[in-house]
Amino acid sequence: MTTTHATPTAQQQLSTLADLLAATRREPLQLGRLCDHARQAADLQSALPPRYAPVLLDLVDRLESSALFSEESCSFSQKDLLDSLQLWTDKAQAVLAAG
């Protein structure tokens, strides 16, 4: 079992990720900023158990792919992916708070 160490930077990166997620829900053009931040949030990824980073990066990959479609596609529902990212951020927050 891996122990998590929530640094102020990890907490800040998670907070920024949550803010960008909310902004992307209001303004889909923010998706690029959201994805860039998620990929670059190294302190956050290292503060969480190892299984969290691949899940985050997979969601980001799928979100970027969803941007290629002008409408909701059966395989790339941007709303569903944003909902999944919200769930990820909620769980990550719980892990950081407990760590």
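Ser66 lies in helix H4, which covers residues 52-66. This is a predicted model, in which local features need pLDDT of at least 70 and side-chain atom pairs count only at pLDDT 80 or more, while totals for chains, interfaces and linings use all residues. Residues are numbered from 1 along each chain as its sequence is written, and side-chain values use heavy atoms, with hydrogens and water left out.

## The chain overall

The protein chain has 5 helices and 0 strands; helices (H or I, at least four residues) and strands (E, at least two) are DSSP runs, numbered from the N terminus. Along the sequence the pattern reads α-α-α-α-α. The chain holds 99 residues, and 39% of them count as buried. Buried means under 20% relative accessible area, exposed over 50%, and partly exposed in between, using a 1.4 Å probe and protein chains only.

The accessible surface of the chain is about 5,900 Å², and carbon and sulfur atoms account for 54% of that surface. Accessible areas come from the Shrake-Rupley method with a 1.4 Å probe; for residues, only the protein chains shown count as cover. Contact means heavy atoms within 4.5 Å. Among contacts between residues at least 6 apart in sequence, 66% join residues at least 24 apart.

| Helix | Buried residues | Packs against |
|---|---|---|
| H2 (residues 31-40) | Leu31, Leu34, Cys35, His37, Ala38 | H1 (8-26), H3 (42-47), H4, H5 |
| H4 | Tyr52, Ala53, Leu56, Leu59, Val60, Leu63, Ser66 | H1, H2, H3, H5 |

The buried residues of H2 are Leu31, Leu34, Cys35, His37 and Ala38. Seen down the axis of H2, these residues fall within an arc of 165°, so they line one face of the helix. The arc is that of the directions from the helix axis to the C-beta atoms. Arg33 and Gln40 are exposed residues on the face of H2 turned away from its buried side.

In H4, the buried residues run from Tyr52 through to Ser66, including Leu56 and Leu63. Down the axis of H4 they fall within an arc of 150°, so they too line one face of their helix. H4 has 15 residues, which at 1.5 Å a residue should span 21 Å, and its end C-alpha atoms are 21 Å apart, which agrees. The expected span is 1.5 Å times one less than the number of residues.

Ser66 itself is buried, with a relative accessible area of 3%. A polar atom of the Ser66 side chain lies 2.6 Å from the backbone oxygen of Leu63.

Rings of Phe, Tyr and Trp (its six-membered ring) pair if their centres lie within 6.5 Å; planes under 30 degrees apart count as stacked, over 60 as edge-to-face and the rest as tilted. By this rule there is 1 aromatic pair. Tyr52 and Trp88 form that pair, which is edge-to-face, with 5.9 Å from centre to centre and 65° between the planes. The pair links distant parts of the chain, since Tyr52 is in H4 and Trp88 is in H5 (residues 78-98), 36 residues apart. Both Tyr52 and Trp88 are buried.

Leu85 is also found in H5. At 1% relative accessibility, Leu85 counts as buried. Leaving out residues up to four places away in sequence, Leu85 touches Leu21, Leu34, Leu56, Leu59 and Leu63. Leu85 and Leu56 are 29 residues apart in sequence, and their C-alpha atoms are 7.4 Å apart in space.

Terms used:
Polar contact = N/O pair within 3.5 Å; in protein donor to acceptor, adjacent residues only side chain to side chain.
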